[in-house]
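Here is a short briefing on a structure, arranged by topic. Look at the model first, then read the points below.

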Number of protein chains: 2
Amino acid sequence: MPNTLPRRALLSAGLATAAAPLAAPARAETAPELTWRLGSGFPKNLDILFGASESFARIVGEATDGRFRIQPAAAGEIVPAEGLLDAVGSGKIEIGHASASAAVAKDPVLALATATPFGLNARGQSAWWLQGGAAELFAEIFAKHGLTALPGGNTGAQMGGWFRKEIKNPTDLQGLKFRVAGLGGQVLAKLGVSPQTTAGPDLYAALESKALDAAEWIGPHDDEKLGLQKVAPVYHFPGFWEGGAMVLFWFNAEKWKALPKTYKAVLQAAAAQVAAEVQAKYDARNPQALRRLVAGGAQLRPFPQEVIEAALKASNDLYGELSAKNPDFKRIYEAMKGFRNEEYLWFQVAEYTYDNFMIRARARG
Amino acid sequence: MPNTLPRRALLSAGLATAAAPLAAPARAETAPELTWRLGSGFPKNLDILFGASESFARIVGEATDGRFRIQPAAAGEIVPAEGLLDAVGSGKIEIGHASASAAVAKDPVLALATATPFGLNARGQSAWWLQGGAAELFAEIFAKHGLTALPGGNTGAQMGGWFRKEIKNPTDLQGLKFRVAGLGGQVLAKLGVSPQTTAGPDLYAALESKALDAAEWIGPHDDEKLGLQKVAPVYHFPGFWEGGAMVLFWFNAEKWKALPKTYKAVLQAAAAQVAAEVQAKYDARNPQALRRLVAGGAQLRPFPQEVIEAALKASNDLYGELSAKNPDFKRIYEAMKGFRNEEYLWFQVAEYTYDNFMIRARARG
């Protein structure tokens with residue numbers, strides 16, 4: 001990287017100091033007092049994801065000198081989590097913070113706005129969204145539901161989950177009662193898994209009673225709170241169905257449109273700050289949580305190569321089926337795949353080679 | 001990841017609609033009209049890095065309804081790039097946008113606020129800064145220079161640069177006239193390299209005339225503009241001295257302190273939005289540039305393992321020397337190393353395994 005830069009320019013003579021503060025005119029028309037309600041799709045114990053809503057409210061409040069107040073509520077407090085996007089789209093509340101994939105039953109294309117099996121990693125999802133055309137593609141889809149959205153964080157690559165018995169080959173998936181989300185469940189169903197939608201607080205009991213054989217949740221920081229290593233100690237990785245799961249801030253499209261430009265700019269910048277904070281929290285806290293989980297009995301195991309290969313094939317089959325039925329899915333899936341393949345072409349050079357060496361050298365540096 | 005969430009809560013009856021806009025009181029005291037000058041450390045042809053200053057000015061203007069105007073200037077236009085941090089620290093201009101490592105000759109600890117040989121990758125640098133204590137550690141250092149700073153983008157892992165002849169073993173580094181920045185140059189000097197500080201626009205001629213044997217710059221997107229593949233076709237990777245180079249927005253500390261809280265919040269959020277944009281632009285544009293470079297004759301080659309191992313040893317020696325002389329360096333280097341080692345402990349599990357599979361499966365997915 002350059003650390004010496006063109007020297008040809010000379011210091012301009014007589015640098016003016018900054019303009020002194022002037023009395024600002026009252027501009028009530030562009031800075032209305034507003035109070036908006038924000039429903040999170042996440043319960044309070046998912047502290048990083050729920051905390052994103054609290055950070056967002058704080059930043060927007062500070063940046064507007066208290067004129068634009070956002071009131072965050074955890075999942076279920078003002079609207080049920082499963083109806084969150086509808087509540088925002090219909091204007092019952094103004095903002096939501098959730099994964100698009102939470103509404104995947106409504107339209108599978110929404111999964112692509114979060115993460116899909118063998119999709120983009122976190123940096124790729126962000127680059128695709130901000131600079132690769134995804135925001136524009138999804139704006140059309142979201143508009144149908146009365147919504148507009150901004151990126152609001154990413155968990156990074158997730159874990160494959162907690163298993164009572166190690167998965168050694170694809171046959172071990174047969175009949176497995178596995179709590180697994182969204183398109184990942186549909187992929188695994190093709191391999192004989194029986195996907196379940198057990199809620200987080202019920203996972204421990206379900207694994208203990210053998211109502212479940214396995215459960216994926218997020219990653220070390222959030223998983224640790226569930227204590228699943230005591231009842232399902234094999235901790236498989238990676239969660240190939242969520243290589244970098246993005247969450248979004250959702251806005252009622254009409255109310256967004258009516259905002260003054262200045263507030264739109266504040267919301268956009270605040271969402272970006274929150275997104276960086278969410279990623280940084282996961283990256284800073286997952287390592288310690290992983291250490292504690294392993295000390296507490298978690299047995300870290302990669303999914304066998306044969307299992308991941310079978311899942312890749314099943315995913316490609318699923319994408320073919322969804323694309324045949326759903327032109328939006330086909331169009332946006334193809335765009336994602338194109339971006340992903342180019343991204344990994346480049347990632348395999350400097351980025352991956354660097355990480356590869358650093359992982360091996362970690363103990364020596 | 002959860003896609004079904006607690007169902008226990010019921011829709012609260014009678015959701016109030018958002019408060020209607022009220023006339024806002026004039027608050028001239030908290031929203032002064034300001035014009036600040038921003039000196040970029042980057043010339044205009046580093047379009048992503050210089051573009052960050054333009055985006056920052058636009059966002060701050062929009063978010064403050066035009067009250068806070070920021071006037072960006074490219075490197076050398078209002079202050080020479082090499083004097084940029086001094087110009088901000090002394091209050092000649094209010095803002096700079098540059099790598100801390102540009103001032104590494106003043107204090108080597110500044111390199112740690114950008115990237116160091118075998119340091120953090122881009123996500124790690126961000127997590128260390130935002131959630132791992134680095135911002136607080138550096139705030140003390142920067143205050144000595146009259147500065148305060150916010151993250152303002154990251155290039156991602158850089159390339160190792162352009163070589164007229166392939167480096168096949170550490171002996172090939174002997175006497176090599178290599179344009180290489182900062183601590184990377186000091187590391188390579190221990191291996192016999194003669195580090196040079198040739199400016200970007202002069203690299204082509206210097207390589208062609210054999211005044212230089214090699215030159216590193218940034219990565220495919222920025223390197224492509226220099227056309228170096230025609231005179232130094234071997235494109236080595238990775239740039240192990242910059243695994244994820246962070247740039248910062250710098251503010252004059254006194255002027256920052258005097259800002260109303262609302263403007264501080266706007267600057268912070270705007271910087272985060274710009275940082276995400278910078279990373280996304282590099283991630284979206286590097287792949288295409290890499291393809292074009294290879295089509296134009298660039299020969300991609302990893303640095304031999306033996307060379308990287310020798311550089312790791314030389315880096316650890318350098319860190320020992322710098323730590324013995326400079327207590328700030330020792331303290332902050334140890335903090336970075338601790339964070340880095342934990343981060344890679346976790347990255348090697350889900351994140352790296354996912355990327356590893358995706359790189360291999362790219363052509364099949």
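The second largest cavity has a volume of about 150 Å³. It belongs to a predicted model, in which ten cavities of 30 Å³ or more are counted. The points below start with that cavity, then turn to the chain contact, the salt bridges and the backbone.

**The second largest cavity**

- Its lining is made up of 13 residues.
- Lying nearest the centre of the second largest cavity are Phe347(A), Glu351(A) and Asp355(A), along with Phe347(B) and Asp355(B).
- By residue type, the lining divides into six charged, five nonpolar and two polar residues.
- In general, rolling a probe the size of a water molecule over the atoms shows where empty space is left.

**How the two chains are related**

- Two copies of a chain are related by a rotation about an axis and a shift along it.

**The interface**

- How many residues does the contact take from chain A and from chain B? It takes 142 residues from chain A and 142 residues from chain B.
- Of the interface residues of chain B, 100% are also interface residues in chain A, so the copies meet through the same surface.
- Between them, chain A and chain B bury about 12,400 Å². Carbon and sulfur atoms account for 61% of that area.
- Five salt bridges are found across the interface of chain B and chain A.
- Arg291(A) forms a salt bridge with Glu342(B). The closest N and O atoms of this pair are 2.7 Å apart.

**Salt bridges overall**

- Over all chains, the structure holds 43 salt bridges.
- One of them pairs Arg164(A) with Asp213(A), with the closest N and O atoms 2.9 Å apart.
- What does this pair tie together? Arg164(A) lies in the loop between strand 5 (161–163) and strand 6 (177–179) of chain A, and Asp213(A) in the loop between helix 6 (203–208) and strand 8 (214–215) of chain A, so the pair ties together parts that are 49 residues apart in sequence.

**Backbone exceptions**

- Most residues other than glycine have a negative phi, and most peptide bonds are trans.
- A cis peptide bond joins Phe237(A) to Pro238(A), with omega about -10°. Pro238(A) lies in the loop between strand 9 (234–237) and strand 10 (246–252) of chain A.
- In chain B, the bond from Phe237(B) to Pro238(B) is cis, with omega near -10°. Pro238(B) is placed in the loop between strand 9 (234–237) and strand 10 (246–252) of chain B.
- Phe118(A) has a positive phi, near 60°, and is not a glycine. Phe118(A) lies in the loop between strand 3 (95–98) and helix 3 of chain A.

How values were computed: Residues numbered from 1 in each chain as written. Chains lettered and ligands numbered in written order. Predicted model: local features only at pLDDT ≥ 70, side-chain atom pairs only at ≥ 80, totals over all residues. Heavy atoms only, no water. 1 Å grid on protein atoms, 1.4 Å probe; cavity = no way out; pocket = protein on both sides within 12 Å on 5 of 7 lines; lining within 4 Å. Points joined across faces, edges and corners; volume = space filled by probe spheres on them. Nonpolar A, V, L, I, M, F, W, Y, C, P; charged D, E, K, R; others polar. Contact = heavy atoms within 4.5 Å. Buried area = accessible area lost by both parts, 1.4 Å probe. Salt bridge = Lys/Arg side-chain N within 4 Å of Asp/Glu carboxyl O. Helix = DSSP H or I, 4+ residues; strand = E, 2+ residues; numbered from the N terminus.
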